[in-house]
Amino acid sequence: MLKTLIYIFLGGGTGSVLRYSIQLALHERIVPYSFPWATFAVNVLGSFLIGLFYTLSARFNLSSETRILLTTGLCGGFTTFSTFSHDGLVLIRQGFYVMFLLYTLLSITLGICAVWGGGAFGRWL
C-alpha cells in the first residue's frame, strides 16, 4: 500500500508541475484573457493521456504500479478532468447512457455550484 501511495505521489507531483508549466506558457501568449485556453488545453490533453495510458497499460501488460503512476498519479495531478472523462467513457462502453448523462450533468452542475458554495463559505468565515 505504501509503495502504491509513493507512485501516486510522484506521478501527482509531476502532473501538477506540468499543468502549471503549460498554464504559464499559454497565459503568457494569450492576451487578452477571453477564454480559459490553458485549463481547456490541460483538460483535453489530460483526457487524451489517460486514454493512452490505460490502453498502453493493457496492451503491453504494464505493472499496476506503472499504470497507477501514469493514470491516478500523473493524470490526476495534471487534471482530474481526465478521470471524469475516463469514467464517462466506461459508462458509455457499458451501455449506461442515461447514467452517463446523469453523471456528466450532475458532475458539471454540482461542481460549479460547489465552487460557488466554497467561495461563499470562505467569504462568510
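**Figure 1. Phe81, Phe84 and Tyr103 form one aromatic cluster.** This is a predicted model, in which residues are numbered from 1 along each chain as its sequence is written, and side-chain values use heavy atoms, with hydrogens and water left out. Local features need pLDDT of at least 70 and side-chain atom pairs count only at pLDDT 80 or more, while totals for chains, interfaces and linings use all residues. Rings of Phe, Tyr and Trp (its six-membered ring) pair if their centres lie within 6.5 Å; planes under 30 degrees apart count as stacked, over 60 as edge-to-face and the rest as tilted. By this rule there are three aromatic pairs. In one of them, the ring centres of Phe81 and Phe84 are 5.6 Å apart and the planes meet at 45°, so this pair is tilted. Phe81 and Phe84 both sit in helix α4 (residues 81-93), three residues apart, which is about one turn of the helix. Helices here are DSSP runs (H or I, at least four residues), as are strands (E, at least two), and they are numbered from the N terminus.

**Figure 2. Phe84 also pairs with Tyr103.** How well covered is Phe84: buried or exposed? Phe84 has a relative accessibility of 18%, so it counts as buried. The cut-offs are under 20% relative accessible area for buried, over 50% for exposed, and partly exposed in between (1.4 Å probe, protein chains only). Phe84 and Tyr103 make a tilted pair, 5.2 Å from centre to centre with 35° between the planes. Because Phe84 belongs to helix α4 and Tyr103 to helix α5 (residues 97-124), the pair ties together parts that are 19 residues apart in sequence. Tyr103 is partly exposed at 27% relative accessible area, and Phe81 is partly exposed at 33%.

**Figure 3. Thr71 is a buried residue of helix α3.** Helix α3 covers residues 64-78. The relative accessibility of Thr71 is 2%, so this residue counts as buried. Which residues does Thr71 touch, not counting residues up to four places away in sequence? They are Ile50, Phe53, Tyr54 and Gly76, where a contact means heavy atoms within 4.5 Å.

**Figure 4. Gly76 and Thr79 are listed by UniProt, in an unreviewed entry, under "binding site".** UniProt positions follow the numbering used here, feature names are shortened, and annotations may be inferred rather than shown by experiment. Gly76 lies in helix α3 and is partly exposed, with a relative accessible area of 23%. Thr79 lies in the loop between α3 and α4 and is buried, at 5% relative accessible area. Leaving aside residues up to four places away in sequence, Thr79 touches Arg19, Val42, Asn43 and Gly46.

**Figure 5. Glu65 and Lys3 meet in a salt bridge.** Side chains of opposite charge can pair when their charged atoms come close. A salt bridge is a side-chain nitrogen of Lys or Arg within 4 Å of a carboxyl oxygen of Asp or Glu, and by this rule the model has one salt bridge. The N to O distance between Glu65 and Lys3 is 3.9 Å. With Glu65 in helix α3 and Lys3 in helix α1, the pair links distant parts of the chain, 62 residues apart. Glu65 is partly exposed, with a relative accessible area of 23%.

**Figure 6. Met1, Leu2, Leu5, Ile6, Phe9 and Leu10 make a nonpolar surface patch.** The patch has an area of about 710 Å². Patches are made of residues with over 30% relative accessible area and no salt bridge: like charges are joined within 9 Å, and nonpolar side chains (Val, Leu, Ile, Met, Phe, Trp, Tyr) within 5 Å. Accessible areas come from the Shrake-Rupley method with a 1.4 Å probe, and for residues, only the protein chains shown count as cover. Leu10 is found in helix α1 (residues 2-29) and is partly exposed, at 46% relative accessible area.

**Figure 7. UniProt's unreviewed entry lists residues 35-56, 68-84 and 96-121 under "transmembrane region".** Residues 35-56 are 91% helix and 0% strand, and their end C-alpha atoms are 33 Å apart. Residues 68-84 are 88% helix and 0% strand, with end C-alpha atoms 16 Å apart.
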